[in-house]
Amino acid sequence: EYGNPALMIMVAGGAAFDKSTTGTLSISIPAGALTISGKPNPEAIEYTWQVIEEKEYTWNVTPADGLTVKTLSEITLEFPDAETATLSEYFNNGWVSVKQGYSIIARADKVETVADSEHPAFRITLTETIEAKGDYTVEIFNGSFTLDGAQSSPAIRISYTVDPDCLGING
């Protein structure tokens, strides 16, 4: 009956809303307080946000950034500064790409939580094993993971050299 209405609310303020402000922010709009296409909203709108201090999160990856590897088929990404990490509810496998120059060579096939890891970690399996000699970059979009239930993960860029003739892992 109402189509796809949108209500945008902007919260702004001076020092009370600096990056160190934490707590909860709630909005409560009673039923009938707003009109939508001339009709009162039929239900109350209640929403609460957790306001957190923005935090710089670090990440580790295995194999490590900058290494020469024989092949590349999966990586393990860990967030040592986070208590919890989950895959974003909006995540799609295109948010992880392996590039050679500007060409996308592979994407994520699977992203799985690593059980019993000391810190939150994910195993990212690629759509194909990279075996051709060359330099590759793995790019993971910012927001692919939600850290500590509230903050988006940063954009991550990892470089590898694939050399089928290397013995073990160099670097």
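Elements here are DSSP runs, numbered from the N terminus: helices are H or I of at least four residues, and strands are E of at least two. This is a predicted model, where local features need pLDDT of at least 70 and side-chain atom pairs count only at pLDDT 80 or more, while totals for chains, interfaces and linings use all residues. Residues are numbered from 1 along each chain as its sequence is written, and side-chain values use heavy atoms, with hydrogens and water left out.

**The whole chain**

Start with a cartoon view: you'll see 0 helices and 15 strands. Of the 171 residues, 30% count as buried; buried means under 20% relative accessible area, exposed over 50%, and partly exposed in between, with a 1.4 Å probe and protein chains only. A contact means heavy atoms within 4.5 Å. Among contacts with a separation of 6 or more, 60% are between residues 24 or more positions apart.

**Inside**

Now select Leu 72, Ile 75, Phe 79, Val 138 and Ile 140. They touch the most other members in the largest nonpolar core, which has 30 residues. Such a core is a set of buried Ala, Val, Leu, Ile, Met, Phe, Trp, Tyr and Cys residues joined through side-chain atoms within 4.5 Å. Strands 7, 9, 10 (103-113), 11, 12, 13 and 15 each supply at least two residues of this core.

Stay on Phe 79 and show its surroundings. Leaving aside neighbours within four places in sequence, its contacts include Trp 59, His 119, Phe 122, Phe 145 and Ile 156.

**Salt bridges**

Which residues make up the salt-bridge network? Select Lys 99, Glu 139 and Arg 157, which are linked in one. A salt bridge is a side-chain nitrogen of Lys or Arg within 4 Å of a carboxyl oxygen of Asp or Glu, and a search of the whole structure finds 3.

Lys 99 pairs with Glu 139, with the closest N and O atoms 3.1 Å apart. That pair links distant parts of the chain, from Lys 99 in strand 9 (residues 96-100) to Glu 139 in strand 12 (residues 134-140), 40 residues apart. Glu 139 also meets Arg 157 at 2.4 Å, N to O. Glu 139 lies in strand 12 and Arg 157 in strand 15 (residues 156-162), so this pair ties together parts that are 18 residues apart in sequence.

While you're in strand 12, click Thr 137. Thr 137 is buried, with a relative accessible area of 16%. Not counting residues up to four places away in sequence, Thr 137 touches Ser 97, Val 98, Lys 99, Arg 157, Ile 158 and Ser 159.

Next, jump to Glu 74 and Arg 123, a salt bridge with its closest N and O atoms 3.7 Å apart. Glu 74 sits in strand 7 (residues 72-78) and Arg 123 in strand 11 (residues 121-130), 49 residues apart. Glu 74 is partly exposed at 35%, and Arg 123 is partly exposed at 29%.

**The pocket**

Select Thr 86, Ser 88, Glu 89, Tyr 90, Gly 143, Phe 145, Thr 146, Ala 150, Gln 151 and Ser 152: they line the largest pocket. Strand 13 (145-147) and strand 14 (151-152) are the elements that give two or more residues to this lining.

Ser 144 is buried, with a relative accessible area of 0%. Its contacts beyond four places in sequence include Thr 86, Ser 88 and Trp 95.

Most residues other than glycine have a negative phi, and most peptide bonds are trans. Where is the cis peptide bond? It joins Thr 62 and Pro 63, with omega about -5°. Pro 63 is in the loop between strand 5 (60-62) and strand 6 (68-69).

Then go to Asp 116, in the loop between strand 10 and strand 11. Asp 116 has a positive phi of about 60°, and it is exposed at 84%. Finish at Asp 148, in the loop between strand 13 and strand 14. Phi of Asp 148 is also positive, near 55°, and Asp 148 is partly exposed at 27%.

Technical notes. 1 Å grid on protein atoms, 1.4 Å probe; cavity = no way out; pocket = protein on both sides within 12 Å on 5 of 7 lines; lining within 4 Å.
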